[in-house]
Structure formats: structure tokens, C-alpha cells
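Subject: Structure for you to look at

Hello,

I am handing this structure over to you. Please open it first, then read my notes below.

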Amino acid sequence: MLRERAGAWAVLGPLLWGCGLALLQGGMLYPRESRSRERKELDGLWSFRADFSDNRRQGFEQQWYRASLREVRALSGPTLDMPVPSSFNDVGQDGRLRSFVGWVWYEREATLPQRWTQDLGTRVVLRIGSAHYYAIVWVNGVHVAEHEGGHLPFEADISKLVQSGPLSSCRITIAINNTLSPYTLPPGTILYQTDTSKYPKGYFVQNTNFDFFNYAGLHRSVLLYTTPISYIDDITITTDVDQDIGLVNYQIFIQGSEHFQLEVFLLDADGRTVAQGTGGQGQLQVPRAHLWWPYLMHEHPAYLYSLEVRLTAQTADGPVSDFYTLPVGIRTVAVTESRFLINGKPFYFHGVNKHEDADIRGKGFDWPLLVKDFNLLRWLGANAFRTSHYPYAEEVMQLCDRYGIVVIDESPGAGIALAQSLSNMSLQHHLEVMEEMVRRDKNHPAVVMWSVANEPASSLKPAGYYFKTLIAHTKALDPSRPVTFVTKSSYEADLGVPYVDVICVNSYYSWYHDYGHMEVIQLQLATQFENWYRTYQKPIIQSEYGAETIAGFHQDPPLMFSEEYQKGLLEQYHLVLDQKRKEYVVGELIWNFADFMTDQSPQRAIGNRKGIFTRQRQPKSAAFLLRERYWKLANETWHHQSAVKPQCVGNSPFIF
Ligand code: GCB
């Protein structure tokens with residue numbers, strides 16, 4: 001179906017949406033303020049305690065959630081101040097905490113507005129943006145939620161709890177465990193060392209097969225928000241285009257009332273209503289629609305409408321209103337045998353792979369870093385990135401919508417290396433993670449493709465069934481987008497690629513193989529592309545390539561780890577990409593946007609140094625090379641009729 005015209009998806013899409021998403025209970029709309037909704041962020045300093053006991057269960061044995069952590073201090077030791085959002089690993093001076101594996105405890109008091117605790121018509125929700133990895137949440141000592149997996153939000157309705165008596169504040173306790181198993185995403189294993197001549201008693205380490213540091217903690221905002229007791233629970237949008245008419249299909253789910261009216265208004269960027277409808281499901285038609293175009297593909301990229309949803313519900317206490325506004329981009333996505341089409345035009349991904357990673361805060365969300373990264377992306381002329389190797393913060397996706405940066409949205413399926421991690425138990429969890437991810441990100445026009453995994457052991461026997469099922473499930477959840485996973489297996493052995501829409505392949509010629517020999521790159525890369533294309537006739541993205549480079553290391557003629565080697569290697573790749581993009585290669589994503597932290601190993605000099613920017617976001621020589629290339633590519637893929645073409649003038653990329 002994905003290989004057919006985008007128009008067909010619009011018909012089937014709304015029908016299938018309902019079926020697919022019914023699997024997951026409830027929606028996960030981004031908590032926005034509105035006339036009927038308030039929000040209260042709980043960012044800042046929390047009390048924190050890592051459970052260093054041998055079995056890591058002292059916190060449960062002593063019920064640290066029963067009273068404040070300060071009160072149980074006598075039993076368990078001092079608490080630390082811990083910033084939220086942030087990883088806990090790098091903020092302190094205690095080496096044991098940096099590599100800690102097990103339960104850590106966070107706690108803070110929240111003061112609630114009186115109305116929230118007294119007005120029984122108000123629903124109070126606690127939302128945790130991302131807790132890595134397994135989280136248990138208590139409010140005033142009462143268990144309210146449990147969630148498996150980082151990178152995706154979860155919620156608890158705490159209305160009853162905070163409205164059951166006089167209450168001026170509430171104590172929120174969150175216990176988080178960063179232990180990975182072969183069945184988690186990402187997977188990992190705990191290795192116990194029992195040779196007492198080499199290791200102390202009880203010694204263990206956590207091993208993983210992915211190449212980024214397993215940062216942990218409350219990585220994104222924790223917040224409280226309100227809705228009325230009858231409320232807009234979920235909205236699903238798909239869009240299509242018929243001549244110059246934009247079609248916006250909507251489906252709205254309501255909770256808390258069987259009797260309600262829904263009105264929807266689509267507003268243009270100037271706030272004018274361009275279409276309106278009623279009911280929980282329908283199609284809005286927008287004559288002369290402004291399409292959502294990627295950055296550098298159109299004079300006015302990233303055009304966003306606003307969908308205002310107004311609910312009036314009848315309850316025993318009278319009518320209740322709820323309002324929610326969702327940004328909407330009208331665009332189509334389609335895949336042919338050799339092209340990736342956005343709004344019917346060939347789209348070439350020229351961009352980066354990223355990580356949520358920075359000094360001190362680790363994977364903690366940080367606005368200045370986010371804005372800096374988007375300024376760098378635009379400086380570079382990048383039109384796309386992959387959320388390697390997990391879903392990024394919702395605010396990142398929102399900026400992509402606003403700036404027109406196209407996203408390949410990847411699940412935390414990184415490092416699936418063992419046969420155990422391709423078992424039914426793993427698959428079941430992976431299906432649920434895809435449900436959570438699609439539920440969260442389905443309405444972002446910037447998201448054009450789902451990636452269910454990175455470099456799994458896709459040539460192992462169970463991989464065929466695993467990826468067939470996983471990809472089919474993802475397509476049932478969202479028939480409007482292509483699905484892929486990123487492979488490093490050989491074209492002959494890979495059992496998952498038959499099910500993808502676009503082949504995403506990683507290769508590190510003259511880095512991990514034939515190192516130091518850039519002269520082999522052209523031949524090996526061309527062979528790679530030809531083999532994959534001959535076998536599958538699907539478009540291909542070079543989803544990773546790059547070289548470890550220590551900023552400031554110079555060597556000419558180039559040697560590995562020097563800035564000259566990184567540049568030279570990239571140039572060899574580009575020669576082949578320039579030939580093959582005329583045929584079926586539809587994208588190139590550099591590994592990596594910036595240097596990032598990894599586990600310690602003899603191959604990593606304080607992290608992975610394949611960034612074209614340093615971890616502090618300063619350019620290496622390769623950044624200037626890519627910048628020149630990306631702006632040249634932008635010129636070639638410009639579709640607008642106007643004579644104005646993208647230009648990169650001096651240091652200012654802001655031509656639009
Ligand atoms: C890969 C992985 C990525 C690593 C990269 C590298 O293939 O997908 O997570 O960081 O190689 O630098 O080795």
C-alpha cells in the first residue's frame with residue numbers, strides 16, 4: 001500500500017487509524033494550556049537518593065515512598081539535590097553514581113492551586129516526559145503509576161487523590177531503575193563476576209550492544225496539568241492533497257461523557273478560519289492550501305495551520321467545555337521504487353544523525369542546547385535528521401514542524417544483538433513501544449518515516465518473523481507513513497529488509513574495515529548500493545557514515561582521527577552518493593551531528609568523536625565541507641517556481 005499513490009492512504013488511513021490505535025488505552029496529547037487547561041511544571045531541584053544497598057532493594061524494604069526522603073534519611077543516608085530534567089550521572093563528583101546500576105529515588109513537594117484540589121469538575125494529571133528506564137510513581141505514598149521504557153511519556157490521573165480531603169501540597173516520589181535486560185529496549189545484560197581472586201564479592205557490570213552512554217534519570221519535564229472531567233483525550237490527523245485542495249482528516253476521542261458536541265476549526269497562520277466541521281470524525285477541505293514543505297524545498301517552508309477543537313459535554317453537573325489546539329501541517333508522503341516523495345516531489349534527505357547528549361546534563365532536556373542545535377542545522381543546510389537511537393523530546397519534534405526539518409523517527413530498538421532479544425517476549429514489548437511512539441508523534445508533519453530499530457541482528461533466524469510482525473504492526477498503527485529499520489547486515493543475509501519501504505544502510509568503509517585506506521571507499525560503497533538495489537528495488541538512504549575525529553588533530557596527508565581524514569573520507573562517500581542519487585539513493589545522514597558520550601572502551605577517547613561538531617557544538621573542518629554540499633543539494637532540489645533559490649550567504653543561512 002505504501003507504494004501506491006498517497007491518495008489511497010488518505011482513504012484507508014482514517015479507517016485503519018481507529019483499529020490500530022485502539023490497542024493502546026487513552027491518548028497522550030502534549031499538555032498545552034488552553035481556556036480549559038492549566039499546567040504546572042515541576043522542573044528544578046528534586047531530592048535524590050541512589051540505593052547503593054547490595055540488592056538495591058533497601059528503598060522498597062524501608063518504603064522510602066511512605067515519608068519524605070529526608071525523614072527516612074536516618075535509615076538510608078543523605079539525599080542529594082538533583083536537577084530535573086537531567087541525567088543524574090554527570091552532575092556529581094561521585095564516580096559510583098556515574099556508573100550506578102539499580103534503583104534511584106527522586107522526590108519533591110508540589111503546591112497545588114486550591115481550585116485543583118477542591119473543584120471536583122477538574123481532572124489533575126501527573127505527566128512524566130521520560131524516565132529512564134523502569135519507573136514507579138507514588139503521590140503522598142500512594143502508588144499511582146508504573147512504566148517501562150525511557151524516552152516516552154506516561155501519565156497518572158491523580159484527581160481523586162488530591163481531591164479527597166484538605167491538602168495544601170503533595171509529595172511526588174519516583175523510583176527509577178536503569179537496569180537493562182535482553183527483553184528491554186534497548187536491551188542489555190548484567191554480568192556477575194564470581195572469580196573472587198579478581199573481583200570483590202557481588203561484583204557486576206551492565207553490558208550493552210549500543211554505542212551511547214546509558215544515561216538515566218528524569219530526562220524530561222515532570223508536570224501537572226488539568227482538564228475538565230469530560231475532556232479531549234486524543235486527536236489523530238492525516239492529510240492529503242487533491243489538486244490545490246488540502247484535505248485534513250480528523251478523528252477525536254473523548255473521555256468522561258457519552259453525550260457531547262464537538263466543533264473543529266482550522267485556522268491559518270494569520271488566525272483566519274479556513275475550514276470547520278463538527279463531530280468526532282470528518283474531513284476538512286482547504287481550498288488553495290499552503291502545504292507543509294521541508295526547509296530548503298520551498299520559499300515558505302513549514303506552513304502550519306492550527307486545529308482548534310472545542311468540546312461541549314453534558315454531565316450530571318451541567319455542560320462542560322474543553323479546548324485543545326493542535327498544529328497541523330498539510331503534506332503527503334509516498335515512496336516509489338526509487339524515490340521518496342513529499343507533496344509529490346522527490347525529496348533527498350541531506351542531514352544528520354543526532355543524540356540527546358551534552359556535557360553535565362547528559363540526556364536531560366535543555367532549551368539553549370535545543371535552539372543551538374537547530375541554528376546549527378539551519379547553518380549547515382540540513383533538511384533532515386534521524387532520532388538515533390530513540391524518540392527525542394516532544395519539543396524537538398515541535399521545532400522540526402516549525403522549521404521544516406524532516407524527521408525519521410526511531411524507536412529505542414538499538415543494540416538488539418542477542419537471539420533472546422528477538423524472542424516473543426521482546427517482540428511484545430517492542431510492539432507496545434511502537435504504539436506509544438506512534439501515539440505520541442503521529443500528528444507531526446515533520447515525521448515522514450518510522451524506524452523501528454537500529455542495526456539489529458537482522459540476519460539471525462528469528463529476525464524474519466520479528467521484523468515482519470513489528471513493521472506490519474507499525475503500518476497498521478499508522479498507514480500514512482513508510483516504515484524502515486536501519487541495517488548493517490549484508491544484503492544477502494538480512495531477513496528484515498524484505499518488509500521495509502526504504503532501505504536504510506549504515507557503513508563505515510575505511511574506518512572499521514580497511515582502516516586508513518580511503519582509496520577503497522568508492523568501490524565498496526558503489527557495490528553496497530548496487531547489491532541492495534538489485535535485490536530489492538527500493539529507495540536507499542545512507543543512514544550512517546563517518547570517521548572518528550579529534551577536533552584540533554591535523555595531519556596531511558590525512559591519518560585516522562585527524563580532521564583531514566574525516567573530510568577526505570566524507571568526500572569519497574560523496575563522489576558515489578552523487579552518482580547514485582541520480583538513480584535510487586534518496587538520502588545521506590552523517591554520523592554524527594556532534595561528539596557524544598559512550599561507555600568507556602579502548603576505541604573511544606571520552607566518547608564517540610565522529611561528530612562534525614564537538615560536544616560543545618563547535619565545528620570541525622568537515623562541518624564546512626558538509627555545509628557547502630548541503631546548500632548545493634538544496635539548490636538542486638528546489639521546487640518552487642520563484643526565481644529565488646536557497647543561498648547560503650556568509651554566515652547567515654536565513655534566506656527565507
Ligand atoms: C553504528 C551505530 C552507532 C555508532 C556508530 C559508530 O553503526 O549505529 O550507534 O555510534 O556506528 O560510531 O560506531
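Leaving aside its neighbours within four places in sequence, which residues is valine 497 in contact with? I come to that after some background. This is a predicted model, in which local features need pLDDT of at least 70 and side-chain atom pairs count only at pLDDT 80 or more, while totals for chains, interfaces and linings use all residues. Residues are numbered from 1 along each chain as its sequence is written, and side-chain values use heavy atoms, with hydrogens and water left out.

**Valine 497**

The contacts, with those neighbours within four places left aside, are Phe485, Thr487, Ile503, Trp532, Tyr536 and Lys538. Contact means heavy atoms within 4.5 Å. Valine 497 sits in the loop between strand E29 (483–487) and strand E30 (503–506). Strands (E, at least two residues) are DSSP runs, numbered from the N terminus. Valine 497 has a relative accessible area of 1%, so it is buried (buried is under 20%, exposed over 50%, partly exposed in between, with a 1.4 Å probe and protein chains only). Tryptophan 532 is 35 residues from valine 497 in sequence, and their C-alpha atoms are 9.7 Å apart.

**Aromatic rings**

The structure holds 40 aromatic pairs. Rings of Phe, Tyr and Trp (its six-membered ring) pair if their centres lie within 6.5 Å; planes under 30 degrees apart are stacked, over 60 edge-to-face, and the rest tilted. Tyrosine 508 and tyrosine 512 are edge-to-face, because their ring planes stand at 65°, with centres 5.4 Å apart. Tyrosine 508 is buried at 9% relative accessible area. Tyrosine 512 is partly exposed at 39%.

Ring pairs also link a cluster: Phe60, Trp64, Tyr65, Trp103, Trp105, Tyr134 and Trp138. The charged end of arginine 49 sits over the ring of tryptophan 64, 5.5 Å from its centre. That calls for NZ of Lys or CZ of Arg within 6 Å of the ring centre and within 35 degrees of the ring normal. Arginine 96 lies over the face of phenylalanine 52, 4.0 Å from the ring centre.

**A sheet**

Four strands form an open sheet in the order E18-E17-E20-E21, with antiparallel pairing. Its edge strands are E18 (273–278) and E21 (318–328), and each pairs on one side only. Two strands pair if DSSP finds at least two bridges between them. Strand E20 (residues 305–315) is joined to E21 by 11 bridges. Glutamate 308 has threonine 325, in E21, as its bridge partner.

Best wishes
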